[in-house]
Amino acid sequence: MCGIVGYVGGREAREVLIDGLKRLEYRGYDSAGLALGSGEDLLIFKEVGKVVELERMLQEVPAGSHQGIGHTRWATHGGVSQVNAHPHKDGSGRFAVVHNGIIENYSELKDELEREGVIFLSQTDTEAIVHLVATSFSRTGDILETLVYLQKRLRGTFALALMWQDRPNSIYAIRRGSPLVLGSSEGEAFCASDIPAFLPYTRRVQYLEEGDIAEASPSGIKIWDEKGRPVERPVVTVDWDVTLTGKSGFSHYMLKEIYEQGAALRRSLKGRVVDGKTTVSRELGWNVEMVSKWKKIHIVACGSSYYSALAAERLLEKWTDLEIKVDIASEYRYRHIPCDTSTLAVFVSQSGETADTLAALRKAKAGGAHCLAITNVSSSTMAREVHSLLLLEAGPEIGVAATKSFTSQLAALFMVALQLGSMRGSLAPHEEERLVDELVRIPHKVELLLEKESEVREIARKYTGSKNMLFIGRGMSFPVAQEGALKLKEISYIHAEALAAGEMKHGPIALLEPEMPVLAVIPRDSLYEKTLSNMQEIKARNASLIAVCTEGDSLVPEQAGSVIEIPWTAEEFTPFLTVIPLQFLSFHIGSILGREIDQPRNLAKSVTVE
Ligand code: M6R
């Protein structure tokens, strides 16, 4: 939630910062702001709305600043307004701060500061930070001592970038709990919530550890730990291609990312399924002795990541002898669920930063579980805190709606399930071979399905006037129905609900009428006939039916007015294919309705607050 960026060097700071903020806009987009060094005062510019509004405002401002910090906001404390937008400055205007995260003790700090005579202008928790810096600096007269004190006083999660008027060649960065990376190249330095913000300028990156304080200047980067002791953090050269973070000619990131799924899946599977065997154990650092000790698996995630986990649950039940529990992170973290050294706890998160999933991870780790993160971001907090890590290798996902990360999560989770089955001896070698042989064919089948976009667009046109839509499925198709309903809600703002098809007659069937379309996910699998009966019941009540079924099916088209066919695949792998038409459907309904596809209202890509 919220993106921050900082720059100091020879370039025009506001250009680098605006460009960086646009690349971070997926993190929040209700208001944006910049602080620029002018040689004398710190100049602050803020605007409600997207970064382009701020850019427009800056057209009137003369160029010539080479130091600055910027912010794109997703409101937590205080409504969406110019005064609540970041940066915030202290009363004297000597310090300016941008912040991502939440300061839990901000009311306590605010009371204390107000007693000292400080006047607050905004309703944000961030403003307490900048006043605390200023009051503490007036006592210590030393910036490092001030920032160490700040670390000590702040409770909660934060990534901060700070400017001090007296140091026109430096920006300061501090992190605890929220992501912050530093970048550097000859004569310039950057800080940002995420690497794409400065990827056009440098690939040399330093990851800050918990509690780190950094001073970035054109002559280099100095880092201290939370006690103010100098520390070294390795400089890593990332191999990300800057084109991966652009739209490559597509109208939207979401559409580009839907189309990238074949390639993303190939990368996810590469070197991990070889000659009919799964080989992820090496990467995970697992051996048979270790794996044999586990009695249960907890899989914890939010949103789309939770739905991919629900699909994996069904396969883990089938391929392993372990007790499986899948939970939503915001529930799991507060439940009294026994979790100990006999537990494998798996955390699925595209960003690796989702606050609830991270809290669940810390809880499971404290309980003694072996923790595995399945994430797309190698530098994320989850990736750094777990015992084992499996990267999605999906490439950067910028659209707020999860698409390629969902299918890559399925691949990663299914490989873990296959690996556990084979290591524990609960999955016969010939069965593993059959499954792996089909799994490696999936990227190609996904690509064949992408050719159906125009067909799905025509179907989408019929449903742009709908106020509601139901999604149904059974077995492996129920999590896909859930994912399809979530996609439609977030992209088109049409209310959608997913149901296990067998649950219809226990209540929701009362909703059926001609204006209530129902989308059935019904591939040819062991539950096909059951779902077909449910479709007949729906048709008998005059609801309009759309179906996603396997090619060559002659019975489903008799029930459904609109049909989208997928290539055949083994029952276990149908979610890879059935989800694609649902992604296209929500994209096109949203697009025809003129929605903000890549940045739907009220949402942010990384939910780093509870
Ligand atoms: O980064 P994560 O996978 O932990 O994010 C979890 C959810 O916030 C995310 O999947 C969200 O539901 C997406 N907007 C769905 O499209």
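This is a predicted model: local features need pLDDT of at least 70, side-chain atom pairs count only at pLDDT 80 or more; totals for chains, interfaces and linings use all residues.

Colleague: Which residues come nearest to the ligand?

Modeller: Ser 305, Ser 349, Ser 351, Thr 354 and Glu 490, out of 14 residues around the ligand. Ser 305 has a polar side-chain atom 2.6 Å from a ligand oxygen, and for Ser 349 the distance is also 2.6 Å, again from a polar side-chain atom to an oxygen of the ligand.

Colleague: How much of the ligand's accessible area does the protein cover?

Modeller: 90% of the 410 Å² that the ligand has on its own.

Colleague: And which helices each supply at least two residues of the shell?

Modeller: α10 (303-319) and α18 (477-492). The shell residues split into five nonpolar, seven polar and two charged.

Colleague: Switching topic: how many salt bridges are there?

Modeller: The count comes to 33. One of them is in α18, where Glu 483 and Lys 487 are four residues apart, about one helical turn. Their side chains meet at 2.6 Å, N to O.

Colleague: Are Glu 483 and Lys 487 buried or exposed?

Modeller: Both are buried. There is also a network in which salt bridges with shared partners join Lys 318, Glu 431, Arg 434 and Glu 572.

Colleague: What about Glu 53 and Arg 56?

Modeller: They form a salt bridge with the closest N and O atoms 3.0 Å apart. Glu 53 is partly exposed, at 31% relative accessibility, and so is Arg 56, at 48%.

Terms used: Residues are numbered from 1 along each chain as its sequence is written. Side-chain values use heavy atoms; hydrogens and water are left out. A residue is near a molecule or strand if one of its heavy atoms lies within 4 Å of it. A polar contact is a pair of N or O atoms within 3.5 Å; within protein, one must be able to donate a hydrogen and the other to accept it, and residues adjacent in sequence count only if both atoms are side-chain atoms. Accessible areas come from the Shrake-Rupley method with a 1.4 Å probe; for residues, only the protein chains shown count as cover. Ala, Val, Leu, Ile, Met, Phe, Trp, Tyr, Cys and Pro count as nonpolar, Asp, Glu, Lys and Arg as charged, and the others, Gly among them, as polar. A salt bridge is a side-chain nitrogen of Lys or Arg within 4 Å of a carboxyl oxygen of Asp or Glu. Buried means under 20% relative accessible area, exposed over 50%, partly exposed in between (1.4 Å probe, protein chains only).
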